[in-house]
Number of protein chains: 2
Amino acid sequence: MTPEQLRSQIRSGQHTGNTSGLCPGFVQCNVAILPADWAFEFLQFCQLNPKPCPLVAMAASPGQTDMPSIGQGFDIRSDVPSYRIFKDGQLEQEVGDIREFWRDDLVTFLLGCSFSFEEALIADGLEVRNISQGRNVPMYRSNIACNSAGRFSGDMVVSMRPFKAADAIRAVQICSRFPSVHGAPVHLGNPSLIGISDINKPDYGDAVDIHADEIPLFWACGVTPQVALEQAKPPLCITHSPGAMVVTDLPNSRLAIM
Amino acid sequence: MTPEQLRSQIRSGQHTGNTSGLCPGFVQCNVAILPADWAFEFLQFCQLNPKPCPLVAMAASPGQTDMPSIGQGFDIRSDVPSYRIFKDGQLEQEVGDIREFWRDDLVTFLLGCSFSFEEALIADGLEVRNISQGRNVPMYRSNIACNSAGRFSGDMVVSMRPFKAADAIRAVQICSRFPSVHGAPVHLGNPSLIGISDINKPDYGDAVDIHADEIPLFWACGVTPQVALEQAKPPLCITHSPGAMVVTDLPNSRLAIM
């Protein structure tokens, strides 16, 4: 199934759930949609915090619903399997289509996600523990402060994947090639140095096994902008539901900077 | 002073000692000179173990004394500040010139050294502990086996530099650009996983301080081929004396693969 075919199924309501593992090789994105009077500050927050908030694409102007650069025939109002509607920072409802919520002042942001770099790690022969254990990746609120932009601020949320040392070094090399999907890790080793008190109790997702000869690697995580959005409390904000992403026509390899 | 001027001083006996810190920005090399009937196996050992034995240049044919690709007017018989003559693997003497030892069957190998990547780390703002503490870098015999080639074999010798986690990740990125001067680290974290029982007791060089929030990074080290040469016991082998390197005309930046 091509990304265009999958988006067509999503648009017609045939596919409503998780996109993990679908259309391997193609970039999937996190979604954030904001009113124009909040868009500048959010864009600034992304620019100032490129590791947790890597912007893959954004709508050229408020109200724009297509984004030809990321997908043939793409429509942001119908091509995400599940949307979350936040009002004043509170989750109000989860819907399969946002045509009735659409306004001419809404600006769409698509942010890179870890699926792309996990695919690159696996293609290189590394074991990604959350995938081999069939769990959600463990995520933690760190004490690494994001750079503030207007009403947006907060600490960085990080995801964790454990590796043997040689694989950890290889993972840094591989992920450095992909800055638009969180890039190189932001920390490795002792979790308490970034404010994580118990590695076995993630704030989001599931704990995974860490073997005695492994070292935990921490990546900036796409939950960071969601937390910043919840704290900033814009009157309206629409995101994807966790795991139900925008599937683009961009090959993952296209994101490699070299 | 240009590298050519320094080599001229070395040739005339005006400069006889360490080259550390001289001609900053230019590649310095380890030296190994072997009879032709040992050269093929040593070259194979370098090819099979590129991280500890990164070949920057070699003489085009046995007996060749100039190497125009690495230095204008370079002469291997006189342009190293201090040489070590090994017979059957035993150090026989240390001399300032090898004109009287030269033979038409000798083959010269120049191997990359850590000075180049240390300069790149410092240029990026990282603290290299052995330099800031004014000590020789600590080196350890690891249990990482080299790939054998004919009579050459042995375990890898590694050098160690400690960094905070974020700097460790940056060091992996920087050194990955320089595969011909040992490249990315081969290990990080727990020293016992590569057979090092006491990080404060290096087998060569000096111990350096490691702070509580730092992680040790281990690089493949140019002492590895020296150990392999001592073990293989060729009838004749000539090397540089530790720290008294060949100073080439190659800019360090020229070694960056990207």
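Reader: Which rotation superposes chain B on chain A?

Author: A rotation of 180 degrees, with 0.0 Å of shift along its axis, superposes chain B on chain A with an RMSD of 0.0 Å. The two copies are thus related as by a two-fold rotation axis. Keep in mind that this is a predicted model.

Reader: Which residue of chain B comes closest to the rotation axis?

Author: B:Gln173 does, with its C-alpha at 3.2 Å from the axis.

Reader: How many residues of chain B are in contact with chain A?

Author: Contacts between chains are counted from C-beta atoms within 7 Å of each other. Here 17 residues of chain B are in contact with 17 residues of chain A. On the chain B side, α5 (165-176) and β8 (187-188) are the elements that give two or more residues. Of these, α5(B) gives the most, with seven residues. By class, this side of chain B has 12 nonpolar, four polar and one charged residues.

Reader: Why can one say that the copies meet through the same surface?

Author: The interface residues of the two chains are compared: 100% of those in chain B are also interface residues in chain A, so the copies meet through the same surface.

Reader: Which residues touch the most other members of the largest nonpolar core?

Author: The general idea comes before the case. In soluble globular proteins, nonpolar side chains tend to be buried together. The largest nonpolar core in this model has 147 residues, and A:Val158, A:Ala168, B:Val158 and B:Ala168 touch the most other members. Leaving out residues up to four places away in sequence, A:Ala168 touches A:Phe163, A:Leu188, A:Ile215 and A:Leu217, and also B:Leu188 of the other chain.

Reader: What does the domain assignment of chain A give?

Author: A domain may be made of separate stretches of a chain, as the ranges here show: domain 1 of chain A is 3-113 + 233-255, and domain 2 is 115-224. Taken over C-alpha atoms, the centres of these two domains are separated by 23 Å.

Reader: How many residues of domain 1 of chain A are in contact with domain 2 of chain A?

Author: In chain A, 22 residues of domain 1 are in contact with 23 residues of domain 2. On the domain 1 side, β1 (26-35), α2 (36-48) and β5 (106-112) of chain A each supply at least two residues. The most come from α2(A), which gives five residues. That side divides into 13 nonpolar, seven polar and two charged residues.

Reader: Which residues of helix α1 of chain B are buried?

Author: Burial is read from a count: a residue with 20 or more other C-beta atoms within 10 Å of its own is buried. In α1 of chain B (residues 3-11), the buried residues are B:Pro3, B:Arg7 and B:Ile10. Seen down the axis of α1(B), they fall within an arc of 55 degrees, so they line one face of the helix. What covers them includes β1 (26-35) and β11 (246-251) of chain B. Just after α1(B), B:Gly13 takes a positive phi of about 85 degrees.

Reader: Which phi does A:Asp88 have, and is this residue buried or exposed?

Author: Most residues other than glycine have a negative phi, and most peptide bonds are trans. A:Asp88 has a positive phi of about 50 degrees although it is not a glycine. This residue lies in the loop between β3 (83-87) and β4 (90-95) of chain A. With 11 C-beta neighbours inside 10 Å, A:Asp88 counts as exposed.

B:Cys23 also is not a glycine and has a positive phi of about 50 degrees. The place of B:Cys23 is in the loop between α1 and β1 of chain B. B:Cys23 has 18 C-beta neighbours inside 10 Å and counts as partly exposed.

Reader: Where is A:Leu126 found, and which residues is it in contact with?

Author: A:Leu126 is in the loop between α3 (115-123) and α4 (129-132) of chain A. A:Leu126 has 19 other C-beta atoms within 10 Å and is partly exposed. Leaving aside neighbours within four places in sequence, A:Leu126 is in contact with A:Leu121, A:Phe163, A:Asp167, A:Arg170 and A:Ala171. A:Arg170 is 44 residues apart from A:Leu126 along the chain, and their C-alpha atoms are separated by 8.7 Å.

Key. Residues are numbered from 1 along each chain as its sequence is written. Chains are lettered from A and ligands numbered from 1 in the order in which they are written. This is a predicted model: local features need pLDDT of at least 70, side-chain atom pairs count only at pLDDT 80 or more; totals for chains, interfaces and linings use all residues. A residue is buried if 20 or more other C-beta atoms lie within 10 Å of its own, exposed if 12 or fewer, and partly exposed in between; C-beta atoms are placed from the backbone. Helices (H or I, at least four residues) and strands (E, at least two) are DSSP runs, numbered from the N terminus. The arc is that of the directions from the helix axis to the C-beta atoms. Ala, Val, Leu, Ile, Met, Phe, Trp, Tyr, Cys and Pro count as nonpolar, Asp, Glu, Lys and Arg as charged, and the others, Gly among them, as polar. A nonpolar core is a set of buried Ala, Val, Leu, Ile, Met, Phe, Trp, Tyr and Cys residues joined through C-beta atoms within 7 Å. Copies are superposed by least squares on the C-alpha atoms of residues with pLDDT of at least 70 in both. Domain bounds come from an automatic or database domain assignment.
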